Amino acid sequence: MAASKSPGRFKQRNAIAPHSQQASARRKSIEEQRRALPITIARQKLVDEVHKNDTLVIIGETGSGKTTQLPQFLLRAGFSKRGKMIGITQPRRVAAVTVATRVAEEMGSELGREVGYSIRFEDATSDLTRIKYMTDGMLLREALLDPLLRKYGVIVIDEAHERTVHTDVLLGLLKGVQAKRTEEHGPKKESLKLIVMSATLDAQGFSAFFNNAKIVYIQGRQFPVEIFYTFTSEADILDASLITLLQIHTEEEPGDILVFLTGQEEIESMDRLIHDRLPRLPPGSLKIQVVPIYAALPSEQQVKAFIPAPPGTRKVILATNIAETSVTIPGIRYVVDPGLVKSRSYNPRIGLESLIVVPVSKAQALQRRLVYHVTRFAFPRPGKCYRLYMEETFKQLENATVPEIKRCNLASVVLQLKALGIDDVLGFDFMDKPPKMAILKSLEHLYILGALTDEGKLSDPVGIQMARLPLEPLYAKALLISANFNCSKEMLSAVAMLSVESIFFVPKDKKKEADAAKQRFLSGDGDHITLVSVMRAFTDEVNKSGGGVVSKKQILRWCIENYINMRSLKRAVDIYRQIEGCIQAINLPVVSCGEDFTSFRRCLAAAFFLNAACLQQDGTYRIALRTLANTQVVSIHPSSIMHGKKLDCVVFNELVKTNKQFIRNVTRIDSLWLPELAPHFYGTRDARRGEWPYRHRNNFRNLNLGVLRSFATALPIAVIFP
Ligand code: ADP
Ligand code: MG
C-alpha cells in the first residue's frame, strides 16, 4: 500500500539536541529509568529463551518494560541479521506512535530511521528501519503482499490480551506462516521467531494455541495500591467521578489522577464539569491541568498526556480504556475507575453493530488498578484506586472480556483471508472461533458485492481489487464502480472524509456560529455531498493561496472562519491522495462529475444498496423508515444534516444502536434506482408490478440458494434468512 514516508515528521517530539545540558540530563534520567525496569534484570534470560524457542509467551505487568525494551534487547542480540526487521504489533494507533517515539528517543535516533512505525495511512519507516511498531491491522495487510512475511526475523504480538479481531486473525495466520517458513528452509536459517506478549495472566490459552509454547513471567514491581469501593451503587457515574477526583485533589498528596471514562462525549462533559468547578477550589490548592486521551483524538494532542505537568500543578488524565495497558503514562498515583467500558457488539442477522456501555471484566479492573506508576517520585508510595462500585459488584464481574472476533462484523477480515488464499474460512485455525452465523453472513455480504465467485473464491478482478484497497469492503466497492458514474473524485473525497473523525469543529460555547458556518456547505441531498463540498472548498482555498508561510496562515484562518477542524481535513486530503494512488495502480480512471450530483447519488445507491432504507408502513399502519435488507425501523442520527427531514428513500453508511437504532451518513436517493442498479439484490419484476420493495428478499433467496449451500452445507438455508 502506498503511504507517505515521513521519517522527520515527529522530529520535534523526539528532539534531542546532543550538546545542550538539558538534553544530557534527560538522557541520564531516561537511562536511569530504563535500568530500574523489571525487565532489565531478565534481559539475558529472555534473549536466551528467544534463541531456544521459536515461539514464546511473555507475561509481565504494565510498565515492566516489555514493549519498549524487548525489541531493543533483540536488536542488540542480533535478531535483525541479514536485514530482517523486528516487528511489534499494537492494537491501537496511538500506542504504535507513542511507543515508537519513545524508543527512538531512548536509542538516540531520529524517528523513522532505525525505529519506525506504520499505521493505516501513515508510514514512518525507511530502508534503515530495524524495529518497526505497527498496528495489528497493518501487519495483516503486509501479509497480502508478502505472505510469508520474509522481511521479519521476529514478530512480537503485543497486548495480545486485548484480543482485537486483527490480533486473533494474526495469531492463526502467523502459526501457519511459521510452519511454512520452517518447512521451506529448515528450522534454523529463515525461521520466524514469534513472541506473544500479554499484560494479564491468561498465558495458558496462548501457550496451548501454539502447541504448548514456553511461558516466561517477568516479575513485576509490587507497588502497594490501596483499593476503595463505594458503599452503595452510584446512579450518576459522571457526578461520582467528579466528586471523587475533587476530593483526591483537595485531600491527597501530589500525584496525577487518571479517570477511566467510556468515550469522547463523556470525556468532554467531564472536562467541562471540572472547569466549571475550578474557581470554587479552596485557595492555595494545586492547579489542575486536564488532559484527555482517547483513540479519536489527533495524535498530536494525545501526546500531551505523556508530558509531565508543570510544578505546582496536578495533571488529571481523562482516558478511555486506551490507558489500561496500551500506553504507559508516567506520574499517575490515583486511579478513579467507574468500572464501565464501551463495548462493540454485532448482530449478524440484521447487520447491526452497536456500542453499548457494559461493566468491565475482572481482568480489566485489575489492569486499571495497576496503571499506577512512580516514575516521578523519589521513592515508591502507595497508589490509590477508587472503584465507583461496591465490592459485591466486583465479585460478580466476568473474569475476562469476550474476544472481539466473537462480536464484530467480519466482512473485511473474511475478504483478507480469502485474499491470502485461505478459502476455507470456516475451517481457519482461530484461537477462538467466531460464531458460524457471523462468518456466513460476511461471506454472503461479500458475494452480494461481487467479491466472491459462485464457488466462494475471490473474484477476478473485483474481489482482488477490493482486497487491495485499504478500506472496508463496502467503501472499496464504491470506489471501484465510481468511474462508471463519472464520479471517482467525489467518491474518493467522500471515502477519505468518512475515514477521519470530526471534520466540523463545534466549540462548546459557539454552537450557533458553528452551525451557521456549516450551512455554507450543506446539501439538501445528504451528508456525502456536504462532505464533498467541504473538501472541494478546502482544496480551492489551498490552490488559491499556493504554498508559503503567509498562505498557511490564510488556510488556518479559512478553517477557523468555517469551523473546520484543519488537522482532520488535512488528514482527509492525505488519505485522498493515498487512495487515489491505489486506484491509479489498478488502472482505474480518476474522473469528476462536476456539478452533476445526481450521478454521484446514483453511484452511492449502486454502492450502498445493501444499506438502503425506505418509508414503509408496518403492521400497525405506522409509517416509518425501515431498512430494506432486514426491515429494521431506523431514525436518522442527529449528527446527519438529514436529521429531522422526511425522506422517502435513503442510503447510509452506518447502522448504530445507542438508545435507538440510528443511521449515519445519509443521502437521499430515488427508490427506483435500487432495482435498476442492483437488480441481483432487489429484482426488477416486482418493481414493475409496483410491489417492490416488500418482496425483494424472495427474489434474492431464489438467486443464491445454491451458492450459499456450497459455502456451508451443514447449515440449513433457513438460518441464513430467518
Ligand atoms: P510494558 O509494555 O511492559 O507495559 P513499556 O515498555 O510500555 O512497558 O514501558 C516501560 C516504562 O517506560 C514505563 O514504566 C515508563 O517509565 C517508560 N515509558 C514508556 N513509554 C513512555 C513515554 N511515552 N513517556 C515516558 N515514559 C515512558
Ligand atoms: Mg506494553
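How many residues has helix α7, and how far does it reach from its first C-alpha to its last?

## Helix α7

Helix α7 covers residues 165–185 and has 21 residues. Its reach is 30 Å, close to the 30 Å expected at 1.5 Å a residue. That expected span is 1.5 Å times one less than the number of residues. Helices (H or I, at least four residues) and strands (E, at least two) are DSSP runs, numbered from the N terminus.

Buried residues of α7 include Val165, His166, Leu170 and Val177. Buried means 20 or more other C-beta atoms within 10 Å of a residue's own, with C-beta atoms placed from the backbone. The buried residues of α7 pack against β2, α6, β6, β7, α8 and α14.

## The model

This is a predicted model, where local features need pLDDT of at least 70, side-chain atom pairs count only at pLDDT 80 or more, and totals for chains, interfaces and linings use all residues. Residues are numbered from 1 along each chain as its sequence is written, while chains are lettered from A and ligands numbered from 1 in the order in which they are written.

## Around ligand 1

Ligand 1 is surrounded by 18 residues (C-beta atom, placed from the backbone, within 6 Å of the ligand). Thr62, Gly63, Lys66, Thr67 and Thr68 are the closest. Helix α4 gives the largest share of the shell, four residues.

## Glu404

Glu404 sits in the loop between α13 and α14. Glu404 counts as buried because it has 21 C-beta neighbours inside 10 Å. Beyond its neighbours within four places in sequence, Glu404 is in contact (C-beta atoms, placed from the backbone, within 7 Å) with Arg163, Thr164, Val165 and Arg344.

Conventions: A residue is buried if 20 or more other C-beta atoms lie within 10 Å of its own, exposed if 12 or fewer, and partly exposed in between; C-beta atoms are placed from the backbone. Two residues are in contact if their C-beta atoms, placed from the backbone, lie within 7 Å.
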